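Good morning, and thank you for coming. I would like to take you through one protein structure, step by step.

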Amino acid sequence: MAHALGYRFLDASGKELQPIGKDLTQIAQIVPSPRADKLKSIEFFVITDVQNPLAGKSGAAHVFAKQKGANAEMVKYLDKGLINMQKLIGQTKKGIIGKMKGAGAAGGLGAGAIYFLQAEIAMGAEWLLNKIHFDRAVKKADYVITGEGKIDGQTWGGKLISQVITRCDKQFKQAILVCGVFEDPEKLPIFFDSKEVYSVLSKAKNAKDSMGNAAIYLEQLGEEIALKYL
């Protein structure tokens, strides 16, 4: 993103680097964009779906790189690059940029938005639910059904589902989760019962079958939920 906006990244010898993850560890200098003044005149507001910091065990590389195809060695290398970037971009009056909530969102784009665009960051789920007056709707609901493709440890890092069930719990309303795959049940919030999670994969023969016939299995899950609660 920064490269597309005109920023350039140099190594210790002054050689320009490619804007790719492999070169993150080599960056020694960030050359300002010729559009920097123009960018400063624009107010950016960014919403993110996770609260992860930029680097470290709960940072972008360790949490998200594996699902994008990185192996263990790549994850460690990418994290070193993010640590290097964290040192380079430093801090604002609000603190160290790389350690701010949402800095690790979208592979570190959250931190990039703060540094290169002087953006204000807000948690997307919280912003969205407030925008649609979700709490008001919950008061009128008997049950709330929500879900995503894969429910795992990442789900509870500030994503929409975590916000939904927390708000339902505050109003003593039953939340029901529907997903493609349900992993890491031990990481569910302590107040939520794993019996209230329904996965397509639990109905299917295998992952390929679950994706190819998702509509059929979702209909079956819908019938199961209706029979249990209605």
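Let me begin with a term: a residue is called buried when its relative accessible area is under 20%, exposed when that area is over 50%, and partly exposed in between. Please keep in mind throughout that this is a predicted model.

Glu16 has a relative accessibility of 42%, so Glu16 counts as partly exposed. Arg8, at 28%, is likewise partly exposed. The side chains of these two residues, Glu16 and Arg8, meet in a salt bridge, with 3.2 Å from N to O.

How many salt bridges does a search of the whole structure find? The search finds 6. I shall describe two others besides the one just mentioned.

In one of them, the side chains of Glu120 and Lys94 come together at 3.0 Å, N to O. Which of the two partners is exposed, and which is partly exposed? Lys94 has a relative accessibility of 63%, and therefore counts as exposed. Glu120 has 39%, and therefore counts as partly exposed.

Another salt bridge joins Lys203 to Glu224, where the closest N and O atoms are 2.8 Å apart. This pair, too, links distant parts of the chain: Lys203 is in the loop between strand E9 (197-199) and helix H8 (207-212), Glu224 is in helix H9 (residues 214-229), and 21 residues separate them. Lys203 is partly exposed, because its relative accessible area is 34%. Glu224 is also partly exposed, because its value is 32%.

Let us now turn to the interior. In soluble globular proteins, nonpolar side chains tend to be buried together. In this model, the largest nonpolar core has 31 residues, and those with the most contacts inside it are Tyr7, Phe9, Ile27, Ile30, Leu82 and Ile89. Helix H1 (36-40), helix H2 (60-65), helix H3 (72-89) and helix H4 each give two or more residues to this core. Which element provides the largest share? The answer is H4, with 5 residues. Apart from this core lies another, of 17 residues, including Phe134, Val164, Cys168 and Leu188.

Two of those names, Val164 and Cys168, lead us to helix H7, which spans residues 160-170. Its buried residues are Ile161, Ser162, Gln163, Val164, Ile165, Arg167 and Cys168. Against what do they pack? Their partners are helix H5 (124-131), helix H6 (134-140), strand E7 (143-151) and strand E8 (174-182). Just after H7, Phe172 takes a positive phi of about 55 degrees.

I return to Phe9 in order to discuss aromatic rings. Leaving aside neighbours within four places in sequence, Phe9 is in contact with several residues, among them Glu16, Ile27, Ile30 and Phe116. The whole structure contains 4 aromatic pairs. One of them is formed by Phe9 and Phe116, with 6.2 Å between the centres and 80 degrees between the planes, an edge-to-face arrangement. Phe9 lies in strand E1 (residues 8-10) and Phe116 in helix H4, 107 residues apart. Are these two residues buried or exposed? Both Phe9 and Phe116 are buried; for Phe116, the relative accessibility is 5%.

Phe116 has a further ring partner, Tyr115. Their centres are 4.8 Å apart and their planes stand at 85 degrees, so this pair is edge-to-face as well. Tyr115, at 29% relative accessibility, counts as partly exposed. Tyr7, Phe9, Tyr115 and Phe116 together form one aromatic cluster.

My last stop is Ala119, in the loop between helix H4 (109-117) and strand E6 (120-123). Its relative accessible area is 7%, which means that Ala119 is buried. Which residues does Ala119 touch, if those up to four places away in sequence are not counted? They are Phe44, Val46, Ala113 and Ile114. Cys179, by contrast, is 60 residues from Ala119 in sequence and 33 Å from it in space, C-alpha to C-alpha.

Terms used: Residues numbered from 1 in each chain as written. Predicted model: local features only at pLDDT ≥ 70, side-chain atom pairs only at ≥ 80, totals over all residues. Heavy atoms only, no water. Helix = DSSP H or I, 4+ residues; strand = E, 2+ residues; numbered from the N terminus. Buried < 20%, exposed > 50% of the residue type's maximum accessible area, 1.4 Å probe, protein only. Contact = heavy atoms within 4.5 Å. Salt bridge = Lys/Arg side-chain N within 4 Å of Asp/Glu carboxyl O. Core = buried A, V, L, I, M, F, W, Y, C linked by side-chain atoms within 4.5 Å. Phe/Tyr/Trp six-rings, centres within 6.5 Å; stacked < 30°, edge-to-face > 60°.
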